[in-house]
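Dear colleague,

I am passing on the structure below, together with some notes on what was found in it. Please read the notes with the model open beside them.

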Amino acid sequence: MAQSLLSILEQLQGNIETLKEEIGRLRQKNRELEEENAELREKTAEAEASREKALLDAEYMAVSHKLADSPDTLADTRRLIAGLIRNIDRCIAMLKE
């Protein structure tokens, strides 16, 4: 009887050690996955920002093509709009002062 209790205790101790090792591996894996998740979230945010910028650029291109029929007129129109934007920026800067 005593031998069987000792062998059961040894088995339990072995199982406990195995479980400790497994918990350690799982915690390490969890840390790695959390780091990967954070990196992927950051990349997703960057990709979404890039996508928004591309959509805005596409919208500007569509508007600019609607404003002018020929490439020369388009270039002139773009210069005019850029000048207006610079003027607006200057006005905003003066208002801030």
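**A residue to begin with**

Asp57 has a relative accessible area of 37%, so Asp57 is partly exposed (buried means under 20% relative accessible area, exposed over 50%, and partly exposed in between, with a 1.4 Å probe and protein chains only). Before going further, please keep in mind that this is a predicted model, in which local features need pLDDT of at least 70 and side-chain atom pairs count only at pLDDT 80 or more, while totals for chains, interfaces and linings use all residues. Residues are numbered from 1 along each chain as its sequence is written, and side-chain values use heavy atoms, with hydrogens and water left out.

**Salt bridges**

The side chain of Asp57 meets that of Lys53 in a salt bridge, at 3.1 Å from N to O (a salt bridge is a side-chain nitrogen of Lys or Arg within 4 Å of a carboxyl oxygen of Asp or Glu). Both residues lie in helix 1, 4 residues apart, which is about one turn of the helix (helices are DSSP runs of H or I with at least four residues, numbered from the N terminus). Arg51 forms one with Glu52, where the closest N and O atoms are 3.2 Å apart; Arg51 counts as exposed, at 52% relative accessibility, whereas Glu52 is partly exposed, at 46%. Glu17 and Lys20 form another, at 3.9 Å from N to O, and these two residues are both in helix 1, 3 residues apart, again about one turn of the helix. Of this pair, Glu17 counts as partly exposed, at 35% relative accessibility, and Lys20 as exposed, at 53%.

**The largest pocket**

The volume of the pocket is about 210 Å³. On a 1 Å grid over the protein atoms alone, a pocket is an open set of points where a 1.4 Å probe fits, with protein on both sides within 12 Å along at least five of seven lines, and lining residues have an atom within 4 Å of a point. By class, the lining has 6 nonpolar, 1 polar and 2 charged residues (Ala, Val, Leu, Ile, Met, Phe, Trp, Tyr, Cys and Pro count as nonpolar, Asp, Glu, Lys and Arg as charged, and the others, Gly among them, as polar).

**A surface patch**

Leu5, Leu6, Ile8, Leu9 and Leu12 form a nonpolar patch on the surface, with about 470 Å² of accessible area together (patch residues have over 30% relative accessible area and no salt bridge, and nonpolar side chains are joined within 5 Å). One of them, Leu9, is found in helix 1 and counts as exposed, at 54% relative accessibility.

In helix 2, Ala93 is partly exposed, with a relative accessible area of 39%. Ala93 and Glu10 are 83 residues apart in sequence and 78 Å apart in space, C-alpha to C-alpha. Asn87 is also found in helix 2, and for Asn87 and Ile23 the separation is 64 residues in sequence and 64 Å in space, C-alpha to C-alpha.

With best wishes

How values were computed
Grid points are joined across faces, edges and corners, and a volume is the space filled by probe spheres set on the points. Patches are made of residues with over 30% relative accessible area and no salt bridge: like charges are joined within 9 Å, nonpolar side chains (Val, Leu, Ile, Met, Phe, Trp, Tyr) within 5 Å. Accessible areas come from the Shrake-Rupley method with a 1.4 Å probe; for residues, only the protein chains shown count as cover.
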